[in-house]
Amino acid sequence: MNDDTSLSAPPRRTRGIVLLLPAVLGLAGALFVLRRPLMMSAPMCAAGRWHGCFDTFNGVVLMTLVTVPLAVLVAWALAYRRRAAGVPSAWRLSLAEVGMVHGTVPFLWLTTMPGAEPGVAPARVSLVPLRDLVTMGSLGIAGNLLVFASLGFFAPMRFAALASVPRILALGAGCSVLVETAQYVLRLDRVSSVDDVLVNALGAVLAGLASRRWWRTAAGPSDGPRPAVAPAG
């Protein structure tokens, strides 16, 4: 038993390094592609100006990247407190909580960002499925897939009640409906589309499937059949 455990540790460490390298390379590639638009908004954000920083796509992306070290520090602090209290899976829970917030709030900010004529243009609704996918384009579809991807990835790791594909789908669709409803009620000069709900929910499900290995492991013992209680006497 001890020999098996000692032999299994190096492969796990190697697997983690192998998974970390593509993630670092992917982040470096994304920064290389976005370096010019991000640098355009950097002076505005550094000066604390609202216009040109927090009301633009480039500015929100820049602030999201800048606050990554702070998010890691918060996750470490939460994990440290949990480990001191003897809470199992301290790192998993802490990373899931911080990941849900840090990966979802920027996209919610972008989706609720007003259009050209907020409060003036009439509210628009599109309830015909798949009609708006053509006008979204590949970039729009990719962006909609990422809106609740972090929520679908981390939520089942944090909450055992959400550790199933149908519940992740319901979570993504429900949150998307709330966002589309807010766009309509607040008259943000944006189209409230059923296709946005479909693509957002699909993104949450795909992200949830990507993290299934971790949340299935955490929820596995509670999902199994319970032993029958023997009758007394």
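**Reading salt bridges and a pocket in a predicted model**

User: Which residues line the second largest pocket?

Analyst: In this predicted model, the second largest pocket is lined by Phe-54, Gly-59, Val-60, Met-63, Thr-64, Thr-67, Val-101, His-102, Val-105, Pro-106 and Trp-109.

User: How many residues of that lining are nonpolar, polar and charged?

Analyst: The lining of the second largest pocket holds seven nonpolar residues, four polar ones and no charged ones. The space in this pocket is about 200 Å³.

User: Which helix gives the most to the lining of the second largest pocket?

Analyst: Helix 5 gives the most, with five residues. Both helix 3 (57-66) and helix 5 supply at least two residues each to this lining.

User: Let us turn to charged side chains. How many salt bridges does the structure hold?

Analyst: Side chains of opposite charge can pair when their charged atoms come close. The structure holds three salt bridges. In one of them, the side chain of Arg-82 meets that of Glu-97, at 2.6 Å from N to O. This pair links distant parts of the chain, with Arg-82 in helix 4 (residues 68-84) and Glu-97 in helix 5 (residues 90-111), 15 residues apart.

User: Is Arg-82 buried or exposed?

Analyst: Arg-82 counts as buried because its relative accessibility is 17%, and the cut-off for buried is under 20%.

User: Where do the partners Asp-189 and Arg-124 lie in the chain?

Analyst: Asp-189 forms a salt bridge with Arg-124, and their closest N and O atoms are 2.9 Å apart. Asp-189 is in the loop between helix 8 (165-185) and strand 2 (191-193), while Arg-124 is in strand 1 (residues 124-126), so that the pair links parts of the chain 65 residues apart.

User: Why does Asp-189 count as buried?

Analyst: Asp-189 counts as buried because its relative accessibility is 16%.

Note on methods: Residues numbered from 1 in each chain as written. Predicted model: local features only at pLDDT ≥ 70, side-chain atom pairs only at ≥ 80, totals over all residues. Heavy atoms only, no water. Salt bridge = Lys/Arg side-chain N within 4 Å of Asp/Glu carboxyl O. Helix = DSSP H or I, 4+ residues; strand = E, 2+ residues; numbered from the N terminus. Buried < 20%, exposed > 50% of the residue type's maximum accessible area, 1.4 Å probe, protein only. 1 Å grid on protein atoms, 1.4 Å probe; cavity = no way out; pocket = protein on both sides within 12 Å on 5 of 7 lines; lining within 4 Å. Points joined across faces, edges and corners; volume = space filled by probe spheres on them. Nonpolar A, V, L, I, M, F, W, Y, C, P; charged D, E, K, R; others polar.
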